[in-house]
Amino acid sequence: MTTITATLHEKARIRAAIDARANAIRSKNVQGVLPNFTKDSVGYFLETPLQQSPLKEDLASWFATWSGSIGYEIGDLTIAVSDDVAYCHSLNR
């Protein structure tokens, strides 16, 4: 596999993980959101307290405040991949 092919493959895998998380948020599926977080991850939300942990309980509480599905958009997504590191950034609404 060439470096370009490997990079495209890794970007596709990252994009699939991002899309799966977005779909889990839209459907209020806590277990679908959590796979890309560690047990000690901290969430930052608009309501108080700003910093919340454990994330699992906080997500369940937040999802319960919504009636119906949640609108969730990913904008300006950039995925960068190299030999030993990958990262992404986006504006999510």
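**Close-ups of a predicted model**

View 1. Trp 62 itself is partly exposed, at 22% relative accessible area.

**View 2. Trp 62 also pairs with Trp 66.** How are the rings of Trp 62 and Trp 66 arranged? They're edge-to-face, with 5.7 Å from centre to centre and 80 degrees between the planes. Trp 66 is partly exposed, and its relative accessible area is 35%.

**View 3. Three aromatic residues make one cluster.** Searching the whole structure turns up two aromatic pairs. Put together, Trp 62, Phe 63 and Trp 66 form one aromatic cluster. If you're wondering which numbers to look for in a view like this, a pair of aromatic rings is described by the distance of the centres and the angle of the planes.

**View 4. Helix α3 has four named residues hidden from the surface.** Which residues of helix α3 are buried? In this helix, which runs over residues 55–64, they are Leu 55, Asp 58, Leu 59 and Phe 63. They span an arc of only 130 degrees around the axis, which places them on the same side of α3. Here's a handy rule for reading the picture: an α-helix has 3.6 residues a turn, so residues three or four places apart point the same way.

**View 5. Lys 28 has a positive phi in a loop.** You'll find Lys 28 in the loop that links α1 (3–26) and α2 (30–33). Its phi is positive, about 60 degrees, even though Lys 28 isn't a glycine. That's worth a second look, because most residues other than glycine have a negative phi. Lys 28 is partly exposed, with 26% relative accessible area.

**View 6. Asp 76 has a positive phi in a strand.** Asp 76 belongs to strand β3, which covers residues 74–81. Asp 76 isn't a glycine, yet its phi is positive, at about 55 degrees. Is Asp 76 buried or exposed? Asp 76 is exposed, with a relative accessible area of 59%.

Definitions and conventions:
Residues numbered from 1 in each chain as written. Predicted model: local features only at pLDDT ≥ 70, side-chain atom pairs only at ≥ 80, totals over all residues. Heavy atoms only, no water. Buried < 20%, exposed > 50% of the residue type's maximum accessible area, 1.4 Å probe, protein only. Helix = DSSP H or I, 4+ residues; strand = E, 2+ residues; numbered from the N terminus. Arc of directions from axis to C-beta. Phe/Tyr/Trp six-rings, centres within 6.5 Å; stacked < 30°, edge-to-face > 60°.
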